[in-house]
Amino acid sequence: MKKTLISLSVALAVAACGKEYPTPAPAPPPPPLPPEQENPDNGGGEEEPEIPFKDVVLYGEFEEGFSETASFLRFAPKASGGEDFRYYSAYPSLSEANTKVMMMRIDPSDGEGWGRGPQVLTKDYTFYGSYAARMRVPDIRKAQKNIGAAAGLYVYDVDEKFGQSEIDFELRIADPTIVYLSAWTGTGKDLNRISRTINLAKGTITDCSYGTGATEKGKLTDDQNNPSKITAISDFDASKRFYIYGFDWYPDKITWWIRKDMNTDKVILWEYKGKELFTGTCAPAGIPVLPARYTTSFWHSTTRLAEDMKAAKEAPKYPFEMEIDWMTYEPFDDHIGAWKENGSK
């Protein structure tokens with residue numbers, strides 16, 4: 001794919017954990033935030049119906065290899081201020097010869113919670129399409145085996161009225177054989193989720209459920225999940241090598257998948273086909289219906305990441321590194337076009 005950035009207006013809506021760490025050159029300052037998008041003047045007259053994300057800017061197809069800072073990416077600054085040593089573009093991989101990566105280093109002083117660790121995200125929005133990133137998470141088991149931290153790729157945004165638009169592909173680094181897949185919609189206390197947790201080395205699904213907020217509402221049934229069983233990847237360990245992680249976002253389904261490399265087929269981890277689980281909401285099937293920002297992130301929590309690893313509640317003591325070789329986005333133009341057309345009526 002060409003490394004191409006196309007902006008258009010539409011109408012709707014990670015180490016090798018030894019005792020020593022390399023000391024890279026200081027990271028450059030993050031690029032400036034984009035200017036605010038101004039809403040066009042409709043000239044008065046009859047009030048138009050409210051359309052969420054009416055003037056959102058969407059990106060076209062792109063591939064980011066981190067050889068240089070892309071103008072459409074933003075490196076989230078430290079909330080606590082101070083020196084930020086968390087981002088290093090085009091840095092030699094610690095695990096693969098002749099590969100340069102975005103080295104994203106977690107800072108033990110970062111507050112806990114998603115979004116407080118290092119993040120690389122698009123300044124503007126993406127929507128229906130195929131998302132992928134080639135990544136490796138740190139092997140922390142000898143240094144600090146019970147760290148409560150996650151790394152992965154996401155789309156994420158929150159609209160005050162229409163709610164959350166989030167799809168997650170997470171790796172739990174206390175056990176790098178586990179992947180966690182989820183989608184979030186809704187607002188406030190009525191925040192809705194669908195989720196599946198898989199031990200990919202064993203091929204076991206340890207959870208597949210839906211709920212509102214932190215409350216589990218029920219287990220998803222087979223006709224809402226395809227496949228209902230997962231073929232094990234017997235040597236799967238997200239800290240030992242790079243894998244390609246991805247998901248495809250459609251209006252009526254989300255498909256999460258993994259590949260060992262570009263020469264192997266996708267292994268489908270979950271094809272969620274939406275049903276009306278959350279009636280009376282903007283997204284009753286639990287599939288996000290609004291654009292979001294494409295993000296790779298590395299964060300920690302002492303409470304939220306221990307579903308299958310009860311002891312994994314420690315904050316990081318060391319600046320563990322996550323490696324990102326590249327991230328890509330391929331929009332589904334037909335679906336975006338239909339969304340655009342329907343939203344203008």
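Visitor: Which residue does K219 form a salt bridge with, and how far apart are the closest N and O atoms?
Guide: In this predicted model, K219 pairs with D207 in a salt bridge whose closest N and O atoms are 3.1 Å apart.

Visitor: Where do K219 and D207 lie?
Guide: K219 is in strand β14 (residues 215–219) and D207 is in strand β13 (residues 204–212), so the pair ties together parts that are twelve residues apart in sequence.

Visitor: How many salt bridges does the structure hold?
Guide: There are 16 salt bridges in the structure. One of them joins K253 to E271, with the closest N and O atoms 3.3 Å apart. K253 sits in strand β17 (residues 253–259) and E271 in strand β18 (residues 267–273), so this pair connects parts that are 18 residues apart in sequence.

Visitor: What else forms a salt bridge with E271?
Guide: K273 does, with its closest N and O atoms at 3.8 Å. E271 counts as buried, at 15% relative accessibility, while K253 is partly exposed at 23% and K273 is partly exposed at 39%.

Visitor: Which residues are linked in a network of salt bridges?
Guide: D139, R141, D237 and K240 are linked that way.

Visitor: Changing topic: how many residues of strand β20 are buried?
Guide: Ten of its eleven residues (321–331) are buried, so β20 is largely enclosed by the rest of the structure.

Visitor: Which way does β8 run against β20, parallel or antiparallel?
Guide: Antiparallel, with eight bridges joining β8 to β20. In that pairing, R136 stands opposite E323. Strand β6 (residues 100–105) also runs antiparallel to β20, over four bridges, and M102 stands opposite I324. Strand β3 (residues 62–64) pairs with β20 in the antiparallel sense too, over three bridges; there, E64 has M327 as its bridge partner.

Visitor: Now T126. Where does it lie?
Guide: T126 is in the loop between β7 (119–122) and β8 (129–136).

Visitor: Loop residue, then. Is T126 buried or exposed?
Guide: T126 is buried, with a relative accessible area of 0%.

Visitor: What is T126 in contact with, leaving aside neighbours within four places in sequence?
Guide: Its contacts include L58, Y59, F62, V155, W249 and Y329. Y131 is another contact, and the side chains of T126 and Y131 are joined by a polar contact of 2.9 Å.

Definitions and conventions:
Residues numbered from 1 in each chain as written. Predicted model: local features only at pLDDT ≥ 70, side-chain atom pairs only at ≥ 80, totals over all residues. Heavy atoms only, no water. Helix = DSSP H or I, 4+ residues; strand = E, 2+ residues; numbered from the N terminus. Buried < 20%, exposed > 50% of the residue type's maximum accessible area, 1.4 Å probe, protein only. Polar contact = N/O pair within 3.5 Å; in protein donor to acceptor, adjacent residues only side chain to side chain. Contact = heavy atoms within 4.5 Å. Pairing = 2+ DSSP bridges. Salt bridge = Lys/Arg side-chain N within 4 Å of Asp/Glu carboxyl O.
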